[in-house]
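Biologist: I am new to this structure and would like to go through its side-chain contacts. Please show it first.

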Amino acid sequence: MSQHPDGSDPDDPRDNGSSEAGREIDEDAAWRAIVEHYGERAQLDDPEPPAPTPPPAPAARGPILEPGWQDALNTDATWHDEGHFVPPTPPPLPPLDPRRKAAWWGLFGAPALMLVAVVFGWQLPGWLMFGLVGAFVGGFGYLVATMPSSRPGDGSGDDGAVV
């Protein structure tokens, strides 16, 4: 016994294949009824158009490039009332160890002197060039070797900024 997915039996002598045609007609009629009775119908006849309103007078404005509105936070009163933040002067840097100072001079001074010599076309003797390269490498090596391996902390675990 086989059946179609719509539930009709092809072997049923009463069916005659008319059930699908009748069902389509019923579905079409049902859709038509839904469409006919859906909501209120819109009137297609336009009533008399509304009378045009006179154009409003233009608002008094300043110069063309200035906006007609004003930002509440960007007024003279706000700037004068609020004041400006002036950070305190930072404390002076601690004096450098003479060896560390020499390492910084070697790290930045040697390449700067070589660059000046190239720009002005100076011919530096070989021993001076060798010394400048040594000063650069030695200064870099000393600064890296004496770098602290951890931050000195107060134990609070807070490494953030202080506001």
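**Side-chain contacts**

Modeller: Phe108 is exposed, at a relative accessible area of 55%. The model is a predicted one.

Biologist: Which residue does the ring of Phe108 stack with?

Modeller: The structure holds two aromatic pairs. In one of them the ring centres are 5.7 Å apart and the planes lie at 5°, so the pair counts as stacked. The partner of Phe108 is Trp104.

Biologist: About how many helical turns separate Trp104 and Phe108?

Modeller: Both residues belong to helix H3, which covers residues 98-120. They are four residues apart there, so their separation is about one helical turn.

Biologist: Is Trp104 buried, partly exposed or exposed?

Modeller: Its relative accessible area is 37%. Buried needs under 20% and exposed needs over 50%, so a value in between is called partly exposed. Trp104 is therefore partly exposed.

Biologist: At what angle do the ring planes of Phe120 and Trp122 lie?

Modeller: The ring centres of Phe120 and Trp122 are 5.5 Å apart. Phe120 is exposed at 56%, while Trp122 is partly exposed at 48%. The pair is stacked, since planes under 30 degrees apart count as such, and the angle here is 25°.

Biologist: Which residue forms a salt bridge with Arg99?

Modeller: The count of salt bridges is one. Its N to O distance is 3.5 Å, and the cut-off is 4 Å.

Conventions. Residues are numbered from 1 along each chain as its sequence is written. This is a predicted model: local features need pLDDT of at least 70, side-chain atom pairs count only at pLDDT 80 or more; totals for chains, interfaces and linings use all residues. Side-chain values use heavy atoms; hydrogens and water are left out. A salt bridge is a side-chain nitrogen of Lys or Arg within 4 Å of a carboxyl oxygen of Asp or Glu. Rings of Phe, Tyr and Trp (its six-membered ring) pair if their centres lie within 6.5 Å; planes under 30 degrees apart count as stacked, over 60 as edge-to-face and the rest as tilted. Helices (H or I, at least four residues) and strands (E, at least two) are DSSP runs, numbered from the N terminus. Buried means under 20% relative accessible area, exposed over 50%, partly exposed in between (1.4 Å probe, protein chains only).
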